[in-house]
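The following paragraphs describe selected side-chain contacts. Please keep the sequence and the structure in view while reading.

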Amino acid sequence: MTEKRAARDQRARFEALARVVTVPLHRYLLRRADPDQVDDILSETLLVLWRRIGDVPGLDPERIPEPDPDAVLPWCYGVARGCLANARRADRRRRSLLERLTWTAAGAARETGDADHTALHAALAQLRALDREIVQLWAYEELTPSRIAEVTGLSANAVSIRLHRAKKKLAARLERKTGARPGHETDEGQGTGIGNGGSSR
């Protein structure tokens, strides 16, 4: 009974908080994030507020259903700021993946900035699920093969082999998309930390 009551109280406090802060947080994010990202970041912010409802300063349980906006908003803005920073880091990781793989495939595409996200996503989609996960852990989370092995349950050697083969497949597919000259060799990994690919032929 006590747990049910606690759950009801948490839900009531969150709903009261959400009524007060959702619109201001939406405005806050609109001024700082790409329009197509705002709803996702707002949802993440509200999820954090739900999980940390007990940490929200100024949220007086006795004032349900109307907490004081001046008391709760500054902390909630801080949460939104953190979620926005996370979204920006995720976007940078996606860009990093694109840059690292397009460098592998064709230096010309990197130099001109003519990177085709659609081609990259299509190439990734053609990989086996496990290989795709390994590539994403390597590129997005910047994990080493030994750390990827911990995540996937494979051996570090198996991860290294799969990663090397997956990068070669992606490079070949992206090379066709970017129009690199047949037989053209790129300095794979130079300045990118990729390595291992240029001498395998």
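**Side-chain contacts and burial**

Arg32 lies over the face of Tyr28, at 3.8 Å from the ring centre. A charge sits over a ring if NZ of Lys or CZ of Arg is within 6 Å of the ring centre and within 35 degrees of the ring normal. The charged end of Lys167 likewise sits over the ring of Trp138, 4.7 Å from its centre. The model is predicted: local features need pLDDT of at least 70, side-chain atom pairs count only at pLDDT 80 or more, and totals for chains, interfaces and linings use all residues. Residues are numbered from 1 along each chain as its sequence is written, and side-chain values use heavy atoms, with hydrogens and water left out.

Across the whole structure, a search finds 2 aromatic pairs (rings of Phe, Tyr and the six-membered ring of Trp, centres within 6.5 Å; planes under 30 degrees apart are stacked, over 60 edge-to-face, the rest tilted). The rings of Phe14 and Trp50 have centres 5.4 Å apart and planes at 85°, so this pair is edge-to-face. Because Phe14 belongs to helix H1 and Trp50 to helix H2 (residues 35–51), the pair ties together parts 36 residues apart in sequence; helices are DSSP runs of H or I, at least four residues, numbered from the N terminus. Phe14 is buried at 17% relative accessibility, whereas Trp50 is partly exposed at 30%; buried means under 20% relative accessible area, exposed over 50%, and partly exposed in between (1.4 Å probe, protein chains only).

Arg13 is also found in helix H1 (residues 2–30) and is buried, with a relative accessible area of 17%.

How values were computed: Helix = DSSP H or I, 4+ residues; strand = E, 2+ residues; numbered from the N terminus.
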